[in-house]
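Reader: I would like to learn how to read a helix and its surroundings. Could you take me through one?
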Amino acid sequence: MKIVVCIKQVPDTKGGVKFNPDGTLDRAAMLTIMNPDDKAGLEAALRLKEQYGAEVTVITMGLPKADEVLREAMAMGADKGILVTDRVLGGADTWATSTTIAGAIRNLEYDLIITGRQAIDGDTAQVGPQIAEHLGLPVISYAQDIKIEGDSVIVQRQYEDRYHELKAKMPCLITALSELNEPRYMTPGGIFDAYDGEVTVWGRADLKDVDDSDLGLKGSPTKIAKASDKVRKGVGEKVNLDTDESVAYLIGKFKEKHII
């Protein structure tokens, strides 16, 4: 079994975020971590590796420093790391990002692709399903449990206060929730091996079946009109009421906002 896991290096929001003049994130200036949903997807792949002897390849698109998140994944147990980086890919929205990653994955053999549900720097939950669409694969999103049965995958898909159990033949794509599992730590030996090993680096020329018009900032149909690292909250409403009046006031506000 061959598994491809898409991971992303995202800003560590505890350290604050910074923006470029065009409204895109200044990723080079921020502390970074592996996106939590992606890390859960990686852990799921590593458990399948342990159970079925799968080969796990991690792939990311980003700046050259995204090499770090690939080596972290390799230190956790991934077999190979691929970095897709090129100046022409910068500033990509979800469409351009998914086009790029799909173009890279077309170079690989795979039975299963796992992505995170969404990245904490965008929260769109679009890239995983878009990759599946580009590659013509079935997709199961919001996975909270993954099992393999023959040539099929059985997934518990989170849905409000319950779950759907879905089955799809491989190859297919799954998007993972951070609640899927508790990711393992890197091991000392794994860290040494990860930094002794090589990360494959691909650029624009290595992408299959993609047009330049669909890449980078110029190929992104969505544009950022305005960006800010702090959101100002409006002045709240203050009232001075006794207990009964306070209850009636709150109920009235809940009804006004259609909460009850």
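Author: Gladly! Let us begin with a term: buried means under 20% relative accessible area, exposed over 50%, and partly exposed in between (1.4 Å probe, protein chains only). Helices (H or I, at least four residues) and strands (E, at least two) are DSSP runs, numbered from the N terminus. This is a predicted model, where local features need pLDDT of at least 70, side-chain atom pairs count only at pLDDT 80 or more, and totals for chains, interfaces and linings use all residues. Residues are numbered from 1 along each chain as its sequence is written, and side-chain values use heavy atoms, leaving out hydrogens and water.

Reader: How many of the twelve residues of H3 are buried?

Author: Eleven of them, so H3 is mostly covered. Contact means heavy atoms within 4.5 Å, and the cover over the buried residues of H3 includes strand S1 (2–6), strand S5 (80–84) and helix H4 (127–135).

Reader: Is serine 98 buried or exposed?

Author: Serine 98, which lies in helix H3 (residues 94–105), is buried, with a relative accessible area of 0%. Not counting residues up to four places away in sequence, serine 98 touches Val127, Gln130, Ile131 and His134.

Reader: Which side chain makes a polar contact with that of serine 98?

Author: A polar contact is a pair of N or O atoms within 3.5 Å; within protein, one must be able to donate a hydrogen and the other to accept it, and residues adjacent in sequence count only if both atoms are side-chain atoms. Here the partner is glutamine 130, at 3.0 Å.
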